[in-house]
Amino acid sequence: MDVPFKEKAGRQKTVATEAQGQQVQYTLGEQIGFYLRQANQRHVAIFASLMAEKLTTTQWAALVRLKDLQPCSQGNLGRETAMDMATIKGVVDRLVKRGLVHTAPDATDARRLVLTLTPEGEATVARNLSVALQISQETLSTLTLAERMMLMELLQKIC
């Protein structure tokens, strides 16, 4: 599918091959993944420069969502933050190590961990909410309000 993207400075190379008897052309600068990765890199750089607590984007997502859901199982927190089980386990382990999250066995299922924010975790979320909003505003700063709304709607549609 050809998607017309504005060409940025520099020459775009097209890779052409034969696939199932048809000529297939692939130009990196015309692929959605190329732009999504760049947008994510920009957002992560802004996040890292403004978030004072040395939190990663995944750690922040886990803390904020846990604040709303607690007490919550680790598996449910992973689903709610769009992280697979291995990723959420690593994120939670690091947050526990930092004293921001408390884990306890589930009273009805000892295989399951129940998570809650510690008082320091609660304070960390409270201290950083305005910074997190600033990060989102900065990430979207090149867009008009209508474009911001459209982007959010389109991303939700493909997610």
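Analyst: Here's a walk through the salt bridges, then the sheet and an aromatic pair. Bear in mind that this is a predicted model, where local features need pLDDT of at least 70, side-chain atom pairs count only at pLDDT 80 or more, and totals for chains, interfaces and linings use all residues. Residues are numbered from 1 along each chain as its sequence is written, and side-chain values use heavy atoms, with hydrogens and water left out.

Take a salt bridge as a side-chain nitrogen of Lys or Arg within 4 Å of a carboxyl oxygen of Asp or Glu; the count then comes to 8 salt bridges. In one of them Glu53 pairs with Arg127, with the closest N and O atoms 2.8 Å apart. Glu53 sits in the loop between helix H1 (32-50) and H2, while Arg127 belongs to helix H5 (residues 119-139), so this pair ties together parts that are 74 residues apart in sequence. Helices here are DSSP runs of H or I with at least four residues, strands are E runs of at least two, and numbering starts from the N terminus.

Arg127 also meets Glu120 in a salt bridge, 3.0 Å from N to O. That gives a network of salt bridges linking Glu53, Glu120 and Arg127. For exposure, buried means under 20% relative accessible area, exposed over 50%, and partly exposed in between (1.4 Å probe, protein chains only). Arg127 comes out partly exposed at 42%, and Glu120 is partly exposed at 38%.

Another salt bridge joins Asp109 to Arg111, the closest N and O atoms being 3.0 Å apart. Here Asp109 counts as buried at 18% relative accessibility, whereas Arg111 is exposed at 77%.

E3 pairs with strand E5 (residues 113-117) over 2 bridges, and Cys72 has Leu115 as its bridge partner in E5.

Last, the aromatics: rings of Phe, Tyr and Trp (its six-membered ring) pair if their centres lie within 6.5 Å, with planes under 30 degrees apart counted as stacked, over 60 as edge-to-face and the rest as tilted. The ring centres of Phe34 and Tyr35 are 5.3 Å apart with planes at 80°, so the pair is edge-to-face, and both residues are buried.

Key
Two strands pair if DSSP finds at least two bridges between them.
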